[in-house]
Amino acid sequence: MSSTFNISNLPFSLLTEGEQALLQQSLDIAYYQQGETIVVAGGESEGVYVILKGCVGESEECRADGSDVPGQVFVHYQADDYFGGWSAIRGRAIHNFVAVEETICHILPTRVLLELVSSNSLFADYFAQNLAVKSEIVAQQDQDQDMAEFMLAKVSSGLVQEPLIVDEGTSISEATVLMRNHKADCVLVRKGNRYGMITKTDLLEALVIGKLEQSADLVQIASFRLVTVSPDDYLFNALVLMTQQHIERLVVMRQQTLVGIVALTDILSYFSSHSHVIGLRIERAQSEEELQDAAQRLNNLIKSLVSHGVKVRFTMDLLAAMNGRIMAKLFDLMIPADMQPHVCLVVMGSEGRGEQILKTDQDNALIYRDGLSWPGMQQTLQRFSARLIEFGFPPCPGNIMVSNPAWVNSLGDWTQNLSDWAQSCEGDAVMNLAIAVDAKPVAGNPALFKAGRNWFLRHLRNNDLFFSHFTRAALEFDTPLTFFGSLRDKAQLDIKKGGIFPVVHGIRAMALEYRVLATNTFSRIDALVELGQLQAEQGADLAEALALFVQLRLRQQMRRLEASDDGQDPTPNLIEIPLLNKMERDLLRDALHIVKGFKKHLALRYRLEG
């Protein structure tokens, strides 16, 4: 057995004890001089090579011009890296592997490799060299799986209740007796092929406030605009939906067939992060002070979700819903009731995309009805921004907030700004437009926002020149990879410039071109795949890459926040490479290669080669 082989590294840690013993017994060790070819393109590989010491370059077979000059090196492999797996499985190497310096390798023979691939599906999957597959395998290896298992639980996981159903013509008094006998707190009334819901609160309000007779038909008070989920939806998504809609029950439908009801109380029995407690505090807040107390509890919720291994996308969705409710509630408390139907508060940037986790800078604006007279508007909005800062939402360095009159516009001025930015499409205009097209209404009258958005989408139709200029920003920053495909920076890299922004902005441009209304980047990717503008594999890889960037950034942000005296992180987008383990570095490198490929795709698509 080899005492120098690190069995704890993926993918070898995926093997069972018996398989690991077989691996250890089968290992050979070899020494290669600098410049020596280890595997030759077109030849057979001895197996998988795992570097103990040294460096190996993978290069193409020969130059495209047919000369004898060595081909381009794609990537360098260093200590603990492995290579040659695909060559061994396929039976023929398609690239050369050459020792860049004196190198010592462990060799797992092809015969044993094929035996392990045949007996262990996870081990086999890892050699797919697919970022989505690798990320999923790594997630499955996390030590704390309780929360992760909850995140993957479906609505159908034993939580769907059989509803109490009555037909049209049932009276209020009859329904009340049935609900008491069945110990039900709601009832569904059937009218033709439709169902409406009535809760105990609805019954009480109908009798006391509405003054309806007890003999009145239940249909009169039923709500037929049901909020529904599928049995195959994730349980966590159901919780997010309840938070967004501030309701306590969802109707479960399989296409047009009623399956049952899922209740908030049942979901909470599965969930231990106390997010529901914060949600209730937000909804029940009667003052700005009570709302602030609820808002300041969100950071602890984030830490709980992250420490339990909850996937980044789920965390984003929940926090976006929570932050939206906080802003909407503060808006209700501070904005005069007679003004609210005539204005619309929108959040933009990462908040508008629902992709923030730790509270990011405020990016918000106000759209108001043309001709509106509200003398104290700007003073009220300045107090609103100041209150959000106290709630933990930092001010925007670029002053893109409602406290800045430049971001408080009538509907006519808002659409004119969009048009001017699109016409210029340079410098600040590009960034302002990028922020604005991610806007999402959170309070007030959303019809004002939708009117501006729909006008702008029509305005851009068939404007190829605009999309070419707008997309170019995605190529502005270099991908932090060396010529040989390794991480360029050994100390730290700016993950926003190098990874997040190119994906977010490139997808934003494509979504704008095809009038995708979703603002979330993951949702935009799904929509573009469905429209045939992205291949399914490319879409999956981009989504996994973006999720990885956000996750790595979040972990390091939280580490810096815990170590800081003032609770501030001066470098929120920096990834410190030495703090990453080998697997995280490998995944980061793979993800950056996906970004590099996507940028090439954008350059060809929008003719940006120059």
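Predicted model: local features only at pLDDT ≥ 70, side-chain atom pairs only at ≥ 80, totals over all residues.
A residue counts as buried when its relative accessible area is under 20%.

**First stop: helix 22**

Select residues 521-530, which form helix 22, and colour its buried residues: Thr-521, Phe-522, Arg-524, Ile-525 and Leu-528. Viewed down the axis of helix 22, these buried residues fall within an arc of 160°, so they line one face of the helix. An α-helix has 3.6 residues a turn, so residues three or four places apart point the same way. Next, display what covers the buried residues of helix 22; the cover includes helix 14 (312-334), helix 15 (349-353), helix 21 (495-513) and helix 23.

**The whole chain**

Zoom out to take in the entire protein chain. Its secondary structure comes to 24 helices and 20 strands. Of the 610 residues in the chain, 52% are buried. Among contacts between residues at least 6 apart in sequence, 72% join residues at least 24 apart.

**Second stop: helices 23 and 24**

Two packed helices are described by the angle between their axes and the distance between the axes. Select residues 536-563 for helix 23 and residues 582-605 for helix 24; the two pack at an angle of about 130°, and their axes are 9 Å apart. Helix 23 and helix 24 are therefore oblique to each other. The crossing of helix 23 past helix 24 is left-handed.

Now show side chains at this contact. From helix 23, select Gln-538, Asp-541, Leu-542, Ala-545, Leu-548, Phe-549, Leu-552 and Arg-555; they meet Glu-584, Leu-587, Leu-588, Ala-591, Leu-592, Ile-594, Val-595, Phe-598 and His-601 of helix 24. By class, the residues of this contact between helix 23 and helix 24 comprise 12 nonpolar, two polar and three charged.

Move to residues 428-436, which make up helix 18. Seven of its nine residues are buried, so helix 18 is largely enclosed by the rest of the structure.

Ala-473 lies in the loop between helix 20 (464-471) and strand 19 (492-494). Ala-473 counts as buried, with a relative accessibility of 10%. Leaving aside neighbours within four places in sequence, Ala-473 is in contact with Val-430, Met-431, Phe-501 and His-505. Draw a distance from Ala-473 to His-505: the two are 32 residues apart in sequence, and 7.5 Å apart in space from C-alpha to C-alpha.

The other residue is Thr-415, placed in helix 17 (residues 411-424). At 13% relative accessibility, Thr-415 is also counted as buried. Not counting residues up to four places away in sequence, Thr-415 touches Gly-452 and Trp-455.

Select residues 288-295 and residues 377-391. These are helix 12 and helix 16, which pack at an angle of about 40° with their axes 9 Å apart. Helix 12 and helix 16 are therefore oblique to each other. On the helix 12 side the contact is made by Glu-288, Glu-289, Leu-291, Gln-292 and Ala-295, and on the helix 16 side by Arg-387, Glu-390 and Phe-391. The contact of helix 12 with helix 16 has three nonpolar, one polar and four charged residues.

Then select Arg-281, in helix 11 (residues 275-284). Arg-281 is partly exposed, at a relative accessible area of 35%. Arg-281 touches Asp-293, Ala-294 and Arg-297, not counting residues up to four places away in sequence.

**Last stop: two loop lysines**

Most residues other than glycine have a negative phi. Select Lys-183, whose phi is near 55°, a positive value. Lys-183 sits in the loop between helix 7 (172-181) and strand 10 (186-191), and it is exposed, with a relative accessible area of 78%.

Finally, select Lys-211, where phi is near 60°, again a positive value. Lys-211 is found in the loop between helix 8 (200-208) and strand 12 (228-229). With a relative accessible area of 65%, Lys-211 is exposed.

Conventions. Residues numbered from 1 in each chain as written. Heavy atoms only, no water. Axes fitted to C-alpha atoms, helices over the stretch in contact; angles between N-to-C directions. Helix = DSSP H or I, 4+ residues; strand = E, 2+ residues; numbered from the N terminus. Parallel < 35°, antiparallel > 145°, perpendicular 65-115°, else oblique. Left-handed = near helix turned anticlockwise from the far one by under 90°. Contact = heavy atoms within 4.5 Å. Nonpolar A, V, L, I, M, F, W, Y, C, P; charged D, E, K, R; others polar. Buried < 20%, exposed > 50% of the residue type's maximum accessible area, 1.4 Å probe, protein only. Arc of directions from axis to C-beta.
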